[in-house]
Every structure is written in C-alpha cells, then in structure tokens.
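Work through the exercises below with the coordinates loaded. Each task is followed by its solution in steps.

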Amino acid sequence: MRKNPGWFFVTVLIVIVATFFLSLNLGVIRITPIEVMQVFLGQGTDQQALVLYEFRLPRMVLALLIGAGIAVSGAVLQGLSNNELADPGILGINAGAGLAIVLFIYFIGDSTATLSTLSTFIMPIFAFLGALVAAILIYVLAWKKGINAIRLILVGIGVNAGFGAGLIIFQLKMDPQDFMQATIWLSGSIWGTNWMQVLAILPWILLLIPFVTYRARFLNALQLGDSMSKGLGVSVERQRLIFLLISTSLAGASVAVGGGIAFLGLVAPHLARRLIGPKHQLLLPASALVGALLLLVADMLARNLLAPSEIPVGIVVSAIGAPYFLYLLMKSKS
C-alpha cells in the first residue's frame with residue numbers, strides 16, 4: 001500500500017461506507033438495509049425515520065468527525081515531539097479540555113442550560129483553551145535541552161493526573177445527576193447527540209485538517225531536528241507553535257462534544273504509518289480516515305454489545321488502545 005497510497009485511501013473509504021451502513025442497521029430497533037433505503041427515499045415508517053435521522057445518523061457522523069479530529073491531533077503531536085507514544089489523551093491534553101468544560105458547566109449553569117444552542121458552540125472554545133493550557137504546561141515541564149520521548153510521556157501522565165484531580169473536585173461539588181452525566185461524558189460518550197453538536201465540531205474539522213495537511217512539509221522538516229530545520233529555512237519555534245495550536249484545537253473540539261476518548265490519537269496514526277509510511281502529506285489524511293473508522297466501529301460495538309444497555313465508547317477504545325500503548329512502551333528503547 002505504501003507504493004500506491006491511492007489503494008489505501010480507496011480501501012479505507014469503502015470499509016468506512018460499509019461499516020456506516022451496517023451500523024445504521026444495528027441497534028435496539030433493528031432496521032434492515034432495504035428499510036434503510038426506503039427511509040432515505042421517503043417511504044419508511046415514522047418510527048424508522050425518527051430512529052435514523054434523529055438518533056443514529058447524527059451520532060455516527062459525529063463519531064466520524066471526532067475520530068478524524070483526535071487521530072490527526074495525535075499524529076501532529078507525534079510528529080511535533082518526534083515521539084511515537086504521544087497522544088492527547090495520555091499526555092493530559094484531553095484532561096485539560098475536560099476540566100475546562102466541567103468548569104464551564106459548573107460556573108455558567110446546570111446541565112440543562114448548557115445544552116442550549118449558544119453553549120453548544122461555545123464549549124469547543126473553552127475546551128480548546130483548557131487543552132492549550134495543558135499542552136503548554138506539558139511542553140514547558142518536559143523541556144530540558146530538548147524534548148526526550150520518555151520524559152514527555154511521564155510529564156504528560158503527571159499533568160493528566162493533576163487535571164484529573166481537579167475534575168474530581170468539581171464533580172463532587174455537582175448535584176448527583178450532573179455528576180453522573182459528567183462521569184459518563186468524561187469516560188468518552190457520544191450518546192444522546194444531535195445535529196447541533198455535529199454543526200458545532202464540523203467547522204473545526206473541515207478547516208483544520210486540510211490546513212495542517214497543507215503545512216505537512218514543515219512537520220516533516222521539524223522531525224529532522226532543530227539545526228537541520230533551521231538550515232532548511234524553517235522558523236522552528238513559529239512552526240512548532242502553529243502545530244501545537246492546531247493539535248490542541250482538534251483535541252479540544254473533539255473532547256467538547258465526545259468527552260475524553262483516550263488512545264485513539266495513539267493507535268490511529270500508528271496504524272496509518274505502518275500502512276502508508278511516515279510522510280505527513282499522506283500520513284495526516286490517512287490518520288483521519290483510520291481514526292474515523294476506528295471510532296465508528298467502537299461506537300457500533302458500544303451500542304450493541306450489551307444492548308439495550310450502552311457502554312461509553314471511550315471504554316471500548318481504551319480496551320483496544322491500552323494494550324497497544326503498553327506494547328509500544330515496552331518496545332521503546334528511549
């Protein structure tokens with residue numbers, strides 16, 4: 001596939017489309033492929049139209065967008081730090097975004113008020129600010145004559161724990177209903193989504209992923225080291241800041257609507273890199289597709305494994321990603 005990346009993109013797109021239609025059929029209320037087509041042609045029942053248009057479709061579209069956003073965020077972080085273990089969930093960036101959202105809910109209003117149209121679009125901005133604070137804190141604490149891969153991970157885990165403690169403090173001050181909702185959301189959940197949330201994250205994904213892919217040549221140069229990058233005429237600190245802002249923006253927007261989904265930003269870029277190579281012009285869009293596919297599959301499993309009960313999708317992703325992270329950590333020679 002590395003010799004012909006076109007086949008990779010075509011294959012992944014076909015698998016995504018097939019998984020998407022399979023997921024439309026599955027759930028507590030089963031809808032056959034023929035019935036799905038009838039609904040799309042305006043010939044289905046009102047119940048089937050309600051289930052598809054108001055519950056399954058927005059949730060699945062959101063899974064694709066969040067998966068792409070988190071995966072590209074992870075790929076940028078890995079390229080920026082030259083560290084294959086980097087991930088916005090592991091490093092505490094998701095926790096920073098989550099803390100900002102919990103603070104927004106706690107101080108601005110209760111869970112009902114925060115579901116208003118205005119706050120749905122404001123929350124990604126708060127999440128971005130929280131993610132940015134976490135990213136800057138991690139980078140400053142990890143810097144010691146450069147960035148060491150293991151040092152970055154250890155600092156990130158420490159910052160993650162600190163933000164996690166802050167999350168618990170404010171969660172305990174919430175009323176029991178808000179506490180439970182915040183707990184489920186922070187574990188990674190896209191249950192109860194609607195088209196307004198899709199619209200809230202859509203501009204972030206549609207603008208930032210093409211933009212960072214366009215600037216991928218600078219990310220390639222940064223991996224050569226500061227001296228070599230400067231020799232090639234790259235403004236190292238400026239480019240590093242730009243990529244850090246893009247990564248935290250994608251992670252923050254994704255956390256704002258999907259909660260804390262860890263390990264996806266680690267696994268998706270790794271799989272894409274193995275299949276298509278390290279060149280970021282191809283790696284970033286490939287990571288977006290792989291991340292979208294992984295989260296779509298995880299959401300399908302979360303909805304159906306224990307139906308009619310539902311597992312937070314973040315737990316399904318963690319069940320896959322945590323062993324992979326441990327494998328990479330043991331394999332690391334740094």
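**Exercise 1.** Locate M60 in the secondary structure and state whether M60 is buried or exposed.

Solution. Helix α3, residues 46-81, holds M60; helices are DSSP runs of H or I with at least four residues, numbered from the N terminus. The relative accessible area of M60 is 0%, so M60 is buried (under 20% relative accessible area, with a 1.4 Å probe and protein chains only).

The model is predicted: local features need pLDDT of at least 70, side-chain atom pairs count only at pLDDT 80 or more, and totals for chains, interfaces and linings use all residues. Residues are numbered from 1 along each chain as its sequence is written, and side-chain values use heavy atoms, with hydrogens and water left out.

**Exercise 2.** Find which residues M60 touches, leaving out those up to four places away in sequence.

Solution. Contact means heavy atoms within 4.5 Å. The residues found are F20, S23, L24, L296, D299 and R303.

**Exercise 3.** Identify the residues that touch the most other members of the largest nonpolar core.

Solution. Such a core is a set of buried Ala, Val, Leu, Ile, Met, Phe, Trp, Tyr and Cys residues joined through side-chain atoms within 4.5 Å. The largest has 85 residues, and I66, V72, I201, F243, I261 and L295 touch the most other members. Another core, of 25 residues, lies apart from it and includes F8, F20, A268 and V290.

Conventions
Helices (H or I, at least four residues) and strands (E, at least two) are DSSP runs, numbered from the N terminus. Buried means under 20% relative accessible area, exposed over 50%, partly exposed in between (1.4 Å probe, protein chains only).
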